[in-house]
Amino acid sequence: MSIGPIDQSAMQVRWDAARERSVLVSTLARCERVARRRRAARWIVAGTAVLVLLRALPRLAARADDAGGFAGAAEPSGVRPTSSGHGGNAGKG
Amino acid sequence: MPIDDATLVERARADDEAAFTTIYLRYARYVAGVAYQLLGDDGEVDDVVQETFVAAREGLAELEEPAAVKRWLVVIAIRRVHRLVARRKVRRWFARKMSELSPRASDPREARSLEELYDALDRIPTKLRVPWILTRVGAMSIEHAADVCEVSVATLKRRVAAADERIERKLSE
């Protein structure tokens, strides 16, 4: 058995206006869903970044305070700065 | 005067839904035709067309040559078909295993049909199947087929020849 001529007419898709319209409607609806999901994901990422930043800012500010008061000076031995400010140099500057 | 593809792509990139719809109306039939020939039936053509245009809308920003949108759509459709055919092969394998457990319903000497041809095509690798169908069934030129399959002309010719050989063998089994 060998590959004979292929019936080209049998290989034509029946693509009428109704089918075209129906696929277009579902395509646009799906594009909208994808776009909405993407927007939601962006908001979640942005919100998470803001939350992380808000939590980290006070600590960063405290560290900046600690370092800023004695810029270039060595920490006194045995005294370690903490985020709460106790035991460090916070408030001394 | 119809708007050219590059302008439509630029407008669609700027979220112009009418421009995107025009691109769809211009090429959906062509994409559907290619998908139909590659799949061999009508069952999943709508899904391929839909997925192709959804992916196209998402990826419009990355399209380097807006004027080559037709070629780009076919490339996306072919990638979708690759995935579908891979899934089908798994399903077919299970079906074959199941049919081995039940008595044969058809005469093995019956005349060869398109169904048999696609059955043979389902049993060869997709990277051979796609170029073979595009050139033998879709009558696409070797150069065009190589372009949309993202391979060189020499590779495509080799794949078509390999597919010829394997299909012949499968049909004579």
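At 46% relative accessibility, E150(B) counts as partly exposed, a class that lies between buried (under 20% relative accessible area) and exposed (over 50%), judged with a 1.4 Å probe on protein chains only. E150(B) sits in the loop between α7 and α8 (153–171) of chain B. Helices here are DSSP runs (H or I, at least four residues), numbered from the N terminus. Although E150(B) is not a glycine, its phi is positive, at about 60°. Most residues other than glycine have a negative phi.

A139(B) also has a positive phi, near 55°. Its place is the loop between α6 (126–137) and α7 of chain B, and at 58% relative accessibility A139(B) counts as exposed. Helix α7 itself covers residues 142–149 of chain B, and A145(B), A146(B), V148(B) and C149(B) are buried there.

## How to read this model

This is a predicted model in which local features need pLDDT of at least 70 and side-chain atom pairs count only at pLDDT 80 or more, while totals for chains, interfaces and linings use all residues. Residues are numbered from 1 along each chain as its sequence is written, chains are lettered from A and ligands numbered from 1 in the order in which they are written, and side-chain values use heavy atoms, with hydrogens and water left out.

## The nonpolar core

Let us turn to the inside. In soluble globular proteins, nonpolar side chains tend to be buried together. The largest nonpolar core here has 61 residues; such a core is a set of buried Ala, Val, Leu, Ile, Met, Phe, Trp, Tyr and Cys residues joined through side-chain atoms within 4.5 Å. The residues with the most contacts inside this core are I23(B), V49(B), F53(B), W132(B), L134(B) and I167(B). Helix α2 of chain B (residues 17–39) gives the most to this core, with 13 residues.

What does I23(B) touch, not counting residues up to four places away in sequence? Its partners are L8(B), V9(B), A12(B), F53(B), V69(B) and L73(B), where contact means heavy atoms within 4.5 Å. I167(B), another of the core residues named above, has its C-alpha atom 7.8 Å from that of L117(B), 50 residues away along the chain. L117(B) belongs to helix α5 (residues 114–122) of chain B and counts as buried at 1% relative accessibility.

## An aromatic cluster

F20(B), Y24(B) and F53(B) form one aromatic cluster. Over all chains, the structure holds two aromatic pairs. Rings of Phe, Tyr and Trp (its six-membered ring) pair if their centres lie within 6.5 Å, and planes under 30 degrees apart count as stacked, over 60 as edge-to-face and the rest as tilted. The rings of F20(B) and F53(B) have centres 6.3 Å apart and planes at 80°, so this pair is edge-to-face. It links distant parts of the chain, with F20(B) in helix α2 and F53(B) in helix α3 (residues 45–59) of chain B, 33 residues apart.

Y24(B) and F53(B) are also edge-to-face, at 5.0 Å centre to centre and 65° between the planes. Y24(B) lies in helix α2 and F53(B) in helix α3 of chain B, so this pair ties together parts that are 29 residues apart in sequence. Y24(B) is buried, with a relative accessible area of 0%. F53(B) is buried as well, with a relative accessible area of 0%.

## Charges over rings

The charged end of R57(B) sits over the ring of F20(B), 4.8 Å from its centre. The charged end of K70(B) sits over the ring of Y30(B), 4.3 Å from the ring centre. A charge sits over a ring if NZ of Lys or CZ of Arg is within 6 Å of the ring centre and within 35 degrees of the ring normal.

Conventions: Helix = DSSP H or I, 4+ residues; strand = E, 2+ residues; numbered from the N terminus.
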